[in-house]
Amino acid sequence: MGGTPAGVGGTPAGTFDPWSYRDEAGVAGSNLAGYKVEATDGSIGKIDSDSNEVNASYLVVDTGPWIFGRKVMLPAGTVNHVDHDERKVYVDRNKDQIKAAPEYDETATDPAFRDKLGGYYTDTYAAPPAGDLR
């Protein structure tokens with residue numbers, strides 16, 4: 001599936017870190033609650049809450065009617081870039097990939113859930129084509 005350019009996700013070239021925002025994503029300490037979320041093929045909802053915890057960052061997205069009001073957790077590494085002027089977060093997964101992710105459970109705080117979710121998003125990762133980086 002290819003690697004990532006050096007510095008993406010704050011990890012060495014060739015790896016994907018699902019739990020860290022990419023350096024170039026434009027997140028850096030921002031509170032993203034309330035921002036809209038755009039998948040590669042359209043809008044998926046609004047950020048309900050976010051975390052900027054080191055090596056454990058994520059977004060909780062309320063999908064509204066799109067998938068029956070379900071909330072999904074998106075690891076920080078899926079964030080491609082943030083447009084603060086438009087209050088939008090762009091992720092590098094499509095709607096079907098997000099819909100097929102392990103179901104988010106607000107009470108699941110165990111490492112097994114985090115490992116399962118991180119593994120799913122790592123398996124769906126594909127490096128962006130050259131010249132497509134923002």
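Author: A salt bridge is a side-chain nitrogen of Lys or Arg within 4 Å of a carboxyl oxygen of Asp or Glu. The model shown here is a predicted one, in which local features need pLDDT of at least 70, side-chain atom pairs count only at pLDDT 80 or more, and totals for chains, interfaces and linings use all residues. Residues are numbered from 1 along each chain as its sequence is written, and side-chain values use heavy atoms, with hydrogens and water left out. By the salt-bridge rule, Arg22, Asp92 and Arg93 are linked in a network.

Reader: How far apart are the closest N and O atoms of Asp92 and Arg93?

Author: They are 2.3 Å apart, which makes Asp92 and Arg93 a salt bridge.

Reader: Is Arg93 buried or exposed?

Author: Burial is read from relative accessible area: buried is under 20%, exposed is over 50%, and partly exposed lies in between (1.4 Å probe, protein chains only). Arg93 has a value of 2% and is buried.

Reader: How many salt bridges does a search of the whole structure find?

Author: The search finds five. One of them joins Lys88 to Glu86, with the closest N and O atoms 3.8 Å apart. Another joins Lys71 to Glu106, where the closest N and O atoms are also separated by 3.8 Å. Lys71 is partly exposed at 24% relative accessible area, whereas Glu106 is exposed at 56%.

Reader: How many helices and strands are there in the protein chain?

Author: Helices (H or I, at least four residues) and strands (E, at least two) are DSSP runs, numbered from the N terminus. The protein chain has two helices and six strands. Along the sequence their pattern is β-β-β-β-β-β-α-α.

Reader: What share of the residues counts as buried?

Author: The figure is 43% of the 134 residues of the protein chain.

Reader: Which residues does Thr124 contact, leaving aside neighbours within four places in sequence?

Author: Thr124 is in contact with Arg93 and Gln97. Thr124 lies in the segment after α2 and counts as buried at 17% relative accessibility. Asp123, by contrast, is placed in helix α2 and is exposed at 59%. For the whole protein chain, among contacts between residues at least 6 apart in sequence, 53% join residues at least 24 apart.

Reader: What is the volume of the second largest pocket?

Author: On a 1 Å grid over the protein atoms alone, a pocket is an open set of points where a 1.4 Å probe fits, with protein on both sides within 12 Å along at least five of seven lines; lining residues have an atom within 4 Å of a point. Grid points are joined across faces, edges and corners, and a volume is the space filled by probe spheres set on the points. The second largest pocket has a volume of about 220 Å³. Of its 13 lining residues, Tyr58, Met73, Ala108, Thr109 and Phe113 are the closest to its centre. Helix α2 gives the largest share of the lining, three residues.

Reader: How do the lining residues divide into nonpolar, polar and charged?

Author: Ala, Val, Leu, Ile, Met, Phe, Trp, Tyr, Cys and Pro count as nonpolar, Asp, Glu, Lys and Arg as charged, and the others, Gly among them, as polar. The lining of the second largest pocket has eight nonpolar residues, one polar and four charged.

Reader: What is the phi of Asn55?

Author: Asn55 has a positive phi of about 60° although it is not a glycine. Asn55 is in the loop between β2 (42-51) and β3 (58-62) and is partly exposed at 46%. Arg87, also not a glycine, has a positive phi of about 55°. Arg87 is in the loop between β5 (79-83) and β6 (88-91), and is partly exposed at 40%.

Technical notes
Contact = heavy atoms within 4.5 Å.
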